[in-house]
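Good morning, and thank you for coming. I would ask you to look at the structure on the screen while I speak.

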Amino acid sequence: MKEKKAMLTTPESIQAEQQVEKVNELTPNRLKIFMSSKFPDKQFADDNEFNDGLADYVENANQRLSDYEAADETIRQVATAHPELMDIVEDLSTDRSMSFAEAVARNLDPEEIYPKEGDPDFEAMRKAHEMRLAKKSEATAYQKKIEANLEESKSIVQAYFKSHEMSDAEANSLAEYIDGFMDEYLTGRISASALDMFRNAMNYSSDIQAAREEGSITAKNAKIDAVRQQKQTATDGLPGQGGSAGGLPPETPVRHRVFDTAKILGMSEDDLKKMREKNNY
């Protein structure tokens, strides 16, 4: 037993294990090759992320397989009840140039398709015919609306690019951004950045109004501060009305401002004289 353990830990065996590990690193397994072919733009950070991605793919594939099996069973049941349908499908798949009307005529008698008045399924047939015509009319109107909207949107986009003086590069960049969002939306996906875009658009008017109000308040405050500063300057650094002593430092007083201030404070002529002598005025 000791001899076997010693053999497993020889330098040669360690080197062999390292070579095997190196080969495994350079040679991806079948699962990694398969996932790389399915998701060529996806870079898995580590084995855990790879395993999660593989599990998601297997789950989705299993769900699709279940859906296909259920659909296949439904088709089998319909084909058993109406074998002429499968004959029509076989003719259409065999001869791709064959029209549907020709395939129907080859396998069904038109007189047998439409029930006569008084037959059990006549009323259901009549209603189905009306529904088909209404659906076709709606589809035609919808298609015309789409075409008209596309033409109108084309004019709007061109006018927008022109009014904003956008270069071809800027216009293409904006178009690609919109196309990317629409592609995700039409496939059932929506991103946080798209939500931010819609939220900003929804709040645009209120944000503009709030900014205007804030700007108005800021302007009013600036005007009040300017008036206070003027009053503070007029009183030679003393606190002005509604102000405080913590404002800007007063300018260096000149001779007549000192005397004016003394008069405002109600000083007598003797006090003014003493102030002149003390300050060498």
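I begin with a definition: buried means under 20% relative accessible area, exposed over 50%, and partly exposed in between, with a 1.4 Å probe and protein chains only. The model is predicted, so local features need pLDDT of at least 70 and side-chain atom pairs count only at pLDDT 80 or more, while totals for chains, interfaces and linings use all residues. Residues are numbered from 1 along each chain as its sequence is written, and side-chain values use heavy atoms, with hydrogens and water left out.

Consider Q158, which is partly exposed because its relative accessible area is 48%. Q158 sits in helix α8, residues 122–163; helices are DSSP runs of H or I with at least four residues, numbered from the N terminus. Between the C-alpha atoms of Q158 and A171, 13 residues apart along the chain, the separation is 9.4 Å.

I turn to the largest pocket. A pocket is an open set of points on a 1 Å grid over the protein atoms alone, where a 1.4 Å probe fits, with protein on both sides within 12 Å along at least five of seven lines; lining residues have an atom within 4 Å of a point. Its lining includes S153, Y160, F161, D179 and M197. Helix α9, residues 168–186, and α8 each supply at least two lining residues, and α9 gives the most, with 6.

The second largest pocket has among its lining residues H82, E84, F100 and I113. Two or more residues of that lining come from each of α5, α6 and α7.
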